[in-house]
Amino acid sequence: MIKNYLKIAWRNIINNKAYSAINILGLATGMAVALLIALWVNNEYSYDKFLPDYQQTYQVKRNFNSNGETLTFTSTSLKLADVLRANIPEIEYVAESDGGSSHGLMVGDKKLYIDGMQSGSDFLNIFKYPMLQGSAGSALKDPYSIVLTQATAIALFGTTNNVINKVVKIDNAYNLKVTGVIEDVPSNSVMHFIKYIIPFSFMEQTQAWVKGNHGSFGSNNFSIYTKLRSGISYAQVAPKIKNIEKGENNINAKNSEVIMQPIKDWHLYSEYKNGIASGGFIDYVRIFSIIGILVLLIACINFINLTTARSEKRAREVGIRKAIGSQRKHLIFQFLTESVLTTFISFLCAVLFVQIALGPFNALTGTMIRIPFSSIVFWLIMLGCVLVTGLIAGSRPAFYLSSFNPVKVLKGTIQVGKSASLSRKVLVVMQFSCSIALIISTVVIYRQIQYAKNRPTGYSIDRLLASTMSADLGKNYAALKNDLLQSGIVESITNATSPATDVSWHMDIDQWPGKFAGETVEMGTMIVADSYFKTLGMKVLAGRDFNTVPSDTSNVIFNETAIKRLRLKDPISQIITKDGKKLRIIGVVKDALMISPFAKADPTMFLYNTEPHDNIIYRLAPNVNPHSAIEKINQIFSKYNPAYPFTCRFVDDDYNRKINQEVLIGKLSGIFAGLAIFISCLGLFGLAAYIAEQRTKEIGVRKVLGATVGQLWFMLSKDFVLLVIISCVIASPIALYFLQGWLQKYDYRVSVGPGVFLISALAAILITLLTISFQAIKAAIANPVKSLRSE
């Protein structure tokens with residue numbers, strides 16, 4: 001019996017090639033979108049879950065009470081790491097870290113300048129990356145040791161074999177012994193940037209300021225990672241660590257509560273509100289999960305509409321089957337079999353589409369997603385999805401067709417096509433409402449991105465470049481600066497503790513004029529060299545810039561937001577206290593967007609000293625060709641930093657990367673909205689062809705009576721356009737509701753005016769007319785003699 005059902009189903013597909021092709025293409029596209037999104041969502045949820053005992057791995061964070069507002073920071077103190085290690089027995093391992101940094105590695109004539117991490121000796125006991133050589137427990141014990149990833153070992157030594165105890169020179173200053181090689185960290189890890197690991201004790205031995213940071217909870221410059229003992233839950237540890245800092249007589253410590261975030265949430269839940277992880281990339285994962293379901297639903301609606309629309313073709317078949325004894329359940333099973341077979345064929349096409357699309361999709365999203373062909377679980381899930389999709393898509397046609405009265409059908413007294421007209425219109429409205437909502441969303445996301453790009457930054461990023469300060473460059477900074485300026489290629493140069501597009505660390509201000517009792521202020525802090533504001537193009541609104549005089553090390557400059565936060569009416573020459581040191585305010589600079597193009601400017605204070613800092617920032621002279629300028633700058637840098645290749649980056653690229661996530665979401669939304677419209681239009685095309693076929697004689701009579709092609713086109717198109725207009729009315733408030741919720745996460749955002757909905761509606765109507773016009777005009781220009789000929 002089943003074999004017979006499959007034969008009939010296959011014959012129906014073959015005998016109705018055009019409609020079968022539309023059905024299969026639409027369903028395959030919808031399933032491909034759903035599968036692609038499902039693979040992407042699974043990848044986002046899989047971050048770091050490949051690690052053994054990932055459920056016990058946490059990052060330590062601080063909730064800081066800033067005058068009633070809770071701010072969450074990942075920066076912590078070395079003293080906190082010491083206390084957790086000594087006083088909380090439920091914590092098995094603690095590893096402090098610099099959070100990631102770049103260094104130069106050299107073996108013979110092989111030179112690399114790559115990202116890595118300096119971390120505590122238990123780092124590899126917490127993050128159990130597979131060790132190819134060495135021992136996780138001892139690899140980071142010796143301060144002058146280094147653990148390489150597989151790719152780094154091959155780049156330096158040409159192999160991963162027998163590299164233990166070989167020497168790597170770092171920053172052209174220290175020799176480190178290789179004590180381990182780990183597999184490359186996968187892309188679905190928050191630590192994917194790691195190319196090597198250096199013991200944190202190396203940092204303490206070579207940088208005196210680091211070793212001195214163990215004495216106070218207020219020196220929050222580092223990251224801390226922990227692993228709980230087996231069987232211990234965070235709920236058991238949370239009460240013990242919450243107020244662990246409050247015993248210290250320090251404003252920062254007294255107003256801080258210690259929390260921990262599990263590793264499984266690092267990637268998706270990066271945003272905190274009132275001290276609780278409330279969102280982040282998880283918002284986009286949820287949005288696209290919904291989009292995947294909607295696009296698949298649109299494809300299922302196509303199948304339902306086209307199948308029920310062509311019910312007249314199957315009416316006599318149903319009547320004869322019932323007349324010779326077929327029961328309704330047998331007919332339902334027959335039609336569901338056809339639906340599942342069509343869905344299965346569509347699924348095979350969908351897998352092919354996804355395989356073709358994965359290359360461009362991975363390039364766009366920066367992922368390495370693959371279809372897990374060898375996974376039995378994957379195929380079982382896919383088989384279940386095919387069955388569910390086939391049943392959903394086929395249930396309406398199956399129950400509708402099997403309900404026909406055989407007597408009425410065989411007498412020809414039943415109007416089978418028209419009885420489903422209302423339900424088809426409802427389904428068309430549903431699918432176009434979804435598609436139009438996606439169009440509106442894409443338009444709003446695009447406008448928000450453009451708003452961020454066009455928002456004044458407060459400084460000039462044009463022709464601004466940045467490089468990282470190495471030890472050799474630091475020793476020769478004065479000569480480097482002089483040569484660059486003398487070359488005429490660079491018009492200004494400076495250096496700072498933070499990049500031009502970020503504020504790397506925050507500090508407390510202990511005292512300032514007008515401070516309330518118990519009031520706290522933690523703000524962005526940056527140490528800069530001379531010509532910093534000149535090089536970045538930041539305007540000094542009051543007072544003066546730093547001069548190259550030693551006394552300026554006791555002065556401070558604030559931005560506008562910081563002055564407002566401190567409530568200083570006449571700030572110049574006022575005295576503040578930071579870390580027990582009195583500082584005089586000598587200037588106020590215009591706010592600059594250094595953290596987020598969508599957020600308010602961070603309150604920031606700028607300090608001055610003459611020591612070289614991590615970030616070299618320089619501006620090209622006007623009318624200089626950037627390509628040729630970089631070649632000449634390379635020669636000057638190589639003169640003072642011969643051990644490592646010259647690297648630089650354009651600051652405008654760094655700034656634009658801050659909206660990469662929004663740009664990605666905008667592109668994906670546009671692609672999926674386009675596919676949703678494509679699937680909807682396939683359905684409209686099929687329905688238009690069906691209706692034109694049903695009204696062939698009516699069109700012939702109208703033509704004989706003098707109707708023009710335009711009048712006939714209007715007659716056949718108006719019903720579809722009306723349905724799309726209704727869809728616009730339904731989609732607009734729904735899209736507005738969700739978009740306003742999305743925009744609330746940005747301090748600076750576009751307003752959603754009526755123009756957005758009007759543009760989206762016009763686009764939808766135009767697409768609809770283009771889709772149905774082919775069938776409408778084809779029917780209108782047909783020879784009426786053929787359509788009126790007697791059967």
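**Salt bridges and helix packing**

Reader: Is Asp-654 buried or exposed, and what is its relative accessible area?

Author: Asp-654 is buried, at a relative accessible area of 12%. Buried means under 20%, exposed over 50%, and partly exposed in between, with a 1.4 Å probe and protein chains only. The model is predicted: local features need pLDDT of at least 70 and side-chain atom pairs pLDDT 80 or more, whereas totals for chains, interfaces and linings use all residues. Residues are numbered from 1 along each chain as its sequence is written, and side-chain values use heavy atoms, without hydrogens and water.

Reader: Which residue forms a salt bridge with Asp-654?

Author: The partner is Arg-657, with the closest N and O atoms 2.2 Å apart. A salt bridge here is a side-chain nitrogen of Lys or Arg within 4 Å of a carboxyl oxygen of Asp or Glu. Both residues belong to helix H21 (residues 651-657) and are 3 residues apart, about one turn of the helix. Helices (H or I, at least four residues) and strands (E, at least two) are DSSP runs, numbered from the N terminus. Arg-657 is partly exposed, its relative accessible area being 45%. Elsewhere, shared partners join Asp-53, Lys-128 and Lys-227 into one salt-bridge network.

Reader: How many salt bridges are there?

Author: The count comes to 16. One of them pairs Lys-481 with Asp-530, whose closest N and O atoms are 2.7 Å apart. Lys-481 sits in helix H17 and Asp-530 in the loop between strand S18 (522-528) and helix H18 (532-536), so this pair ties together parts 49 residues apart in sequence. Both Lys-481 and Asp-530 are buried.

Reader: And what does Lys-639 pair with?

Author: Lys-639 forms a salt bridge with Asp-483, at 3.2 Å between the closest N and O atoms. This pair links distant parts of the chain, helix H20 for Lys-639 and helix H17 for Asp-483, 156 residues apart. Lys-639 is exposed, with a relative accessible area of 56%.

Reader: How do H17 and H20 cross, then?

Author: The axes of H17 (residues 477-487) and H20 (residues 626-640) come within 10 Å and cross at roughly 160°. Axes are lines fitted to C-alpha atoms over the stretch in contact, and angles run from 0 to 180 degrees between N-to-C directions. H17 and H20 are therefore roughly antiparallel; angles under 35 degrees count as roughly parallel, over 145 as roughly antiparallel, 65 to 115 as roughly perpendicular and the rest as oblique. Among the residues that meet there are Leu-480 and Leu-484 in H17 and Ile-633 and Phe-637 in H20; contact means heavy atoms within 4.5 Å.

Reader: What about H15 and H25?

Author: Their axes come within 9 Å and cross at roughly 130°, H25 spanning residues 754-780. That makes H15 oblique to H25. Residues meeting across this pair include Phe-432, Ile-436 and Val-443 in H15, and Val-756, Phe-757 and Ala-764 in H25.

Reader: Where does Arg-455 lie, and how far away is the nearest side chain of opposite charge?

Author: Arg-455 lies in the loop between helix H15 (421-454) and strand S15 (464-468). Arg-455 is buried without a salt bridge, and the nearest side chain of opposite charge, Asp-747, is 7.4 Å away. Lys and Arg count as positive, Asp and Glu as negative, while His and the chain ends are not counted. Beyond its neighbours within four places in sequence, the contacts of Arg-455 include Leu-593, Pro-597, Phe-598 and Tyr-748.

Reader: How many helices and strands does the chain have?

Author: The chain has 26 helices and 25 strands. Of its 791 residues, 51% count as buried.
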